[in-house]
Each structure stands twice: as structure tokens, then as C-alpha cells.
Amino acid sequence: MRIAVTGSMGQVATSLIEQAGRAFEIVLLGRRVFLLEDRKAVLSGLRAAKPDVVINAAAYTAVDQAEAEESLAVAINGEGAGNVAEAAATIGAPLLHLSTDYVFDGALDRPYREDDPPGPDSAYGRSKLLGERLVAERCENSVILRTAWLFSPYGTNFVRAMLALNETRDEVPVVADQRGNPTSALDLAAGLLAVAARAREDASPTLRGVFHMTNAGKASWADLAEAIFSEAAKRGRRATRVRRITTADYPTAARRPANSRLDCGKLRRAYGLALPDWRPSLAACCARLLA
């Protein structure tokens, strides 16, 4: 199966290439091929790629910077996603579109379901929600997959940042009042490939729409940092401590959801698919990075 993946060699695209094996051919369509903001170029690029399935993994992800560059975030995450959806519909290929927990405000005291009303509190979240809406409007043959708290051996992410701090710091302050589902990009990629294969073969409406896809298990950022430092200590690295702080102690330009937990039950019921607990996946990621 030939899958066109929009985006650069970030966590998701690189993980898709690693997980593809012989069953999938990944064609990466990065910014050198086209800009998502360029509608005609997106259509031309996807036509030339001749994919069986499209995965839109491209996004503006500078969450804090988006507060000052909302128009750019909207152009990429909103209108750009709509352009990919229009192109996928034109060439007749199913579209998998990646979205985020940031479409919610984080005020609920339970995991968010797909039917919970979104209410983003950040420019990044607003741009991603617009992307969801345009994808749904322009491509009926689409699967929107919200995920959160990605980590992997690739790209810029929390695990790599904490391991870098572990090299020089005995103590690191980490926010303890934000909760979510740490998610391995490699596990996410395996899930995306399974959804892509099913979506290509089965056009059932129950397999289309919005789904949540994260690893099982919850954590705060401080919990996750402690787990990372524990993995490092097991391998003879520095014994770094976590100093638990509040969101107020670590101000950022963009407001983070206090509760980013996503309920993935709909994905399990529709696709029979559930990602594993985050802890073994984190251990495997740390093992690779600390080898």
C-alpha cells in the first residue's frame, strides 16, 4: 500500500517510515514538495504521488509562538489541512488527519470523549480545531485522529529534553498539575498504519469521523519526568530528582490544558485497536536513546 505522508522528518513521519516494513510504501511530501498553504501545489503534489491513502502529519507546532503568529498557524493547521482534505477527496484517497488534545480547554475532570464540545484556549488549539472542521467539510472519506504528549527517539520532545537535563542537573522542576496520556510516536505510527489499511478496504461510515488515539495510562508531566529519570538511573546515569511545581510556577505564552486525557474507547470499538500502556514504550524509547 502506498501512503503519502505530509510533513517533514519529525516524530510521526520518521516513526511511520520505521514501522512501515514491506507492507507499506511511505512517500514523504515535505515543504520542499509543497507548502500546505498553497492549494494548487498540494493538489498537484498529491496527484503526482498517486497514494492509496493520505496521512496529514504536517502542522505548525510551536505552541507558544503561535500566540504571536496565529495567522500563520491558521494558514498551516487550518486552511492547509483543508487543502490536503480537498486534494484527497479529488484523487479519491482516504485521509487520516492528525489533531491534538489542545482542541479542549482541559476543564473536565475525566478523559475527553470525541463527542465532548471543543473549546481551545490557545491559538494553536484554535488553528487545529479549524483544521478538523475543514477536513470534515471537504473530505467525507476522512479519519481525524487526536493524539497527545508524543515522545520518541526522534525529533524534539519531552523525553529527549529530560534526558539532556539529566546529563548536568541533580534536580529539575517539572509541572505536576497537568495530566495527560504520554504517547509513543512509534505506537501511534503502528496504529495509523492499521487504520490506513482498514480505511482503504472498508468505507463504512462507522470508520470515519473523529477518534482519539493515545497510549493507555495517564501521568502528569512530573510523573513522566520521574519515569524518564528512573530509566536513566537504571543505566548508570545521574540520579536526577524531580521538584514538583504548579502551572503557575512555570508561566508560558499559551495556556496548557490541565486535563489532556483522551478516552480512546471509540477507536477500540470501531477498529478493534488500542495502543499499549505508555510505560513499556517509554522504557524502550529510553533504552534506544541511552544505548
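Hi everyone, let's start with T6: setting aside neighbours within four places in sequence, T6 is in contact (heavy atoms within 4.5 Å) with L29, F34, I55, N56, A57, A58 and V84. A quick note before I go on: this is a predicted model, where local features need pLDDT of at least 70, side-chain atom pairs count only at pLDDT 80 or more, and totals for chains, interfaces and linings use all residues. Residues are numbered from 1 along each chain as its sequence is written, and side-chain values use heavy atoms, with hydrogens and water left out.

Back to T6, which sits in strand 1, residues 2–6; strands here are DSSP runs of E, at least two residues, and helices are runs of H or I, at least four, numbered from the N terminus. T6 has 0% relative accessibility, so T6 counts as buried, meaning under 20% relative accessible area with a 1.4 Å probe, protein chains only. Its side chain makes a polar contact with the side chain of N56, at 2.4 Å. A polar contact is a pair of N or O atoms within 3.5 Å; within protein, one must be able to donate a hydrogen and the other to accept it, and residues adjacent in sequence count only if both atoms are side-chain atoms.

Now, S152. You'll find S152 in the loop between strand 6 (150–151) and helix 5 (158–166), and at 2% relative accessibility S152 is buried too. Its side chain makes a polar contact with the side chain of Q11 at 2.9 Å, and a polar atom of that S152 side chain lies 3.0 Å from the backbone nitrogen of Y154. Thanks, all!

Conventions
Buried means under 20% relative accessible area, exposed over 50%, partly exposed in between (1.4 Å probe, protein chains only).
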